[in-house]
Amino acid sequence: RPWRLEARPPPGSMAFSPAARGTSGAMPEAKDEQIQQMQAQIEALKAQMVSHGLRPGRAQIALLGCGRWSQGWHIPQLMANPKADLVALCGGRAVDALSKEYGVSGYKDLDALLADDKMVAKLDGIIIATPHAAHYAAGLRCLEKKLNIFMEKPMTTDVQEALELVVGAKKAGKTFMVNNTANWRKSAHLATTMIERGDIGDIRHGMVMFAVPLGFLFNDPKQEGWVKPSGRMQGNGMAWGQAAHTFGWLWMVSGLTPVKVFAFHGKSLNKDSPADVYDSASILCKNGATISVSCVGHIPGKKKHVQNRLFGSEGMLSYCGWYLIDEGDDETPDADPEGDGPLLGGAGDVPHSEGELKLERFDGKNRTVSGFEFENIEKGGDGPESLNAFIDACLGMKHFSGTTAKIGFLCVATIDAMYRSATSGQAEDVVLPEDLK
């Protein structure tokens with residue numbers, strides 16, 4: 001962006017030239033005039049940026065997909081974030097109304113946005129919050145425009161498409177994050193550090209369980225995006241809908257690479273819904289470690305339950321707990337039936353949660369960190385840690401990568417192998433690029 005360079009005085013100017021300084025290193029008397037000229041240049045630059053719809057030092061972000069999650073989370077959080085400007089909305093029936101409400105440019109679809117060269121030139125990144133099946137095409141086109149990408153999970157529902165996005169992100173040299181919010185939590189960062197440091201030695205086995213109260217989605221045949229396969233998908237349901245949360249955490253924290261999967265899928269209790277709701281899998285990893293997986297999509301109440309355990313040669317690491325959600329319910333009660341307080345829904349609401357990160361070693365050097373954070377589904381504020389990391393990346397600032405394109409791909413490849421195994425009744429190889437085999 002040329003206007004970002006105009007703030008720098010020419011290398012040979014009075015501001016930088018050693019010859020302009022006296023023997024003591026002080027600037028000559030003309031320095032006041034030079035400083036005033038530089039200040040005028042900076043003010044002119046700021047005015048130029050404002051004329052382009054920019055504010056200095058703020059990432060310029062577009063949002064593709066204006067559905068429920070964008071309206072409840074992405075849009076208000078970007079508007080409140082001091083390091084970002086939401087400058088464009090596109091895709092969805094609500095675009096016109098939302099663009100007027102928030103005072104940002106609105107586009108019918110991605111084609112219209114990318115055809116606006118002036119807008120694309122000032123964008124630092126784009127959030128892709130469309131239905132899963134649309135992630136691939138949108139992601140590739142945005143990478144071709146050299147945009148940093150923040151994509152909702154799962155990355156895709158097609159392993160070949162996911163691989164092409166990994167290759168595309170590497171070729172473009174741009175940041176590509178998949179919004180598994182759990183992976184940017186402090187506890188996830190700490191767990192990753194513990195494993196990398198060798199606190200439990202070589203990992204030999206893992207156990208992961210994720211149980212969620214989303215039967216109102218998976219048991220409803222009208223929820224086609226959640227229950228019916230599309231494209232080359234061999235199924236749809238709990239695995240595609242929620243297992244990416246678990247696998248995102250597992251593959252990032254453990255550093256393991258899955259190579260073979262054997263799985264069974266239990267179907268919805270509603271015979272009219274084709275969704276898998278009760279999933280079980282065994283995974284073999286590249287280093288010989290094994291993983292036991294259990295995913296359940298229909299439980300009572302409003303809590304999501306997580307059990308993640310890694311067992312190694314020196315000890316074990318556990319991250320287990322629950323957190324309250326309000327994503328909907330078959331009964332939609334006015335308060336938590338277990339009496340834990342009001343349900344989420346308003347800006348600033350903080351999920352109730354309980355759990356801990358626990359390190360247990362054979363030498364007795366144990367450690368327990370109380371508190372449980374997994375998904376960040378808080379409304380209000382300036383957004384989850386994942387969104388803030390993406391904004392920092394767009395600004396060229398130091399950030400934690402969380403779910404990279406590689407981790408996002410491993411999630412897709414694992415879930416794809418689960419569905420293939422459940423269909424074939426045999427263990428299936430995980431589709432991996434050569435550099436991961």
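**Figure 1. Strand S7 joined to strand S11.** Eight bridges link strand S7 (residues 203–211) with strand S11 (residues 303–312), and the two run antiparallel. Ile 203 has Gly 312 as its bridge partner in S11. This is a predicted model, where local features need pLDDT of at least 70, side-chain atom pairs count only at pLDDT 80 or more, and totals for chains, interfaces and linings use all residues. Residues are numbered from 1 along each chain as its sequence is written, and side-chain values use heavy atoms, with hydrogens and water left out. Strands (E, at least two residues) and helices (H or I, at least four) are DSSP runs, numbered from the N terminus.

**Figure 2. The nine-stranded open sheet.** S7 and S11 sit side by side in the order S14-S13-S12-S11-S7-S10-S9-S8-S15, and the pairing is mixed. Strands count as paired if DSSP finds at least two bridges between them. Strand S14 (367–370) and strand S15 (428–429) form the edges, each pairing on one side only. In a regular strand, side chains alternate between the two faces of the sheet.

**Figure 3. Strand S8 and its two partners.** Nine bridges pair S8 with S9 in the antiparallel sense. Here Gly 266 has Tyr 278 of S9 as its bridge partner. S8 also pairs with S15, again in the antiparallel sense, over two bridges. Lys 260 meets its bridge partner, Asp 429, in S15.

Figure 4. H12 lies across S7, strand S8 (258–267), strand S9 (276–285), strand S10 (290–296), S11 and strand S12 (315–324). The helix runs at about 30° to S9. Axes are lines fitted to C-alpha atoms, for helices over the stretch in contact, and angles run from 0 to 180 degrees between N-to-C directions.

**Figure 5. The six-stranded open sheet.** The order is S3-S2-S1-S4-S5-S6, with parallel pairing. Strand S3 (105–107) and strand S6 (176–178) stand at the edges with a single partner strand each, so one side of each has no neighbour in the sheet. From one strand to the next, the twist averages 20°. Strand S5 (residues 148–151) is joined to S6 by three bridges, and the two run parallel. Met 151 has Val 178 as its bridge partner in S6. H3 lies across strand S1 (59–64), strand S2 (84–90), strand S4 (125–128) and S5, at about 140° to S2.

**Figure 6. Helices H8 and H14 packed together.** The axes of helix H8 (residues 159–172) and helix H14 (residues 405–424) come within 9 Å and cross at roughly 170°. The two helices are therefore roughly antiparallel (angles over 145 degrees). From H8, the contact (heavy atoms within 4.5 Å) takes in Val 159, Ala 162, Leu 163 and Val 166. From H14 come Ala 405, Lys 406, Phe 409, Val 412, Ala 413 and Asp 416. By class, the contact of H8 with H14 has eight nonpolar, no polar and two charged residues.

**Figure 7. The largest pocket.** This pocket holds about 1100 Å³ of space. On a 1 Å grid over the protein atoms alone, a pocket is an open set of points with protein on both sides within 12 Å along at least five of seven lines, and a cavity is a set where a 1.4 Å probe fits but cannot get out; lining residues have an atom within 4 Å of a point. The lining counts 39 residues, and Trp 69, Thr 130, Pro 131, His 132 and Trp 226 lie nearest the centre. Helix H3 (68–80), helix H10 (215–218), helix H11 (224–227) and helix H12 (238–254) each supply at least two lining residues. H3 gives the most, with four residues. The pocket lining divides into eleven nonpolar, 19 polar and nine charged residues.

**Figure 8. The largest cavity.** Two cavities of 30 Å³ or more turn up in a search of the whole structure. About 50 Å³ of space lies in the largest. Its lining is Trp 69, Trp 73, His 74, Gln 77, Asn 179, Thr 181, Asn 376, Glu 378 and Pro 384. By class, that lining has three nonpolar, five polar and one charged residues.

**Figure 9. The second largest cavity.** Its volume is about 30 Å³. His 132, Gly 225, Trp 226, Asn 236, Gly 237, Trp 240 and Gly 241 line this cavity. H11 and H12 each supply at least two of the lining residues. The classes are two nonpolar, five polar and no charged residues.

Methods
Points joined across faces, edges and corners; volume = space filled by probe spheres on them. Nonpolar A, V, L, I, M, F, W, Y, C, P; charged D, E, K, R; others polar. Parallel < 35°, antiparallel > 145°, perpendicular 65-115°, else oblique.
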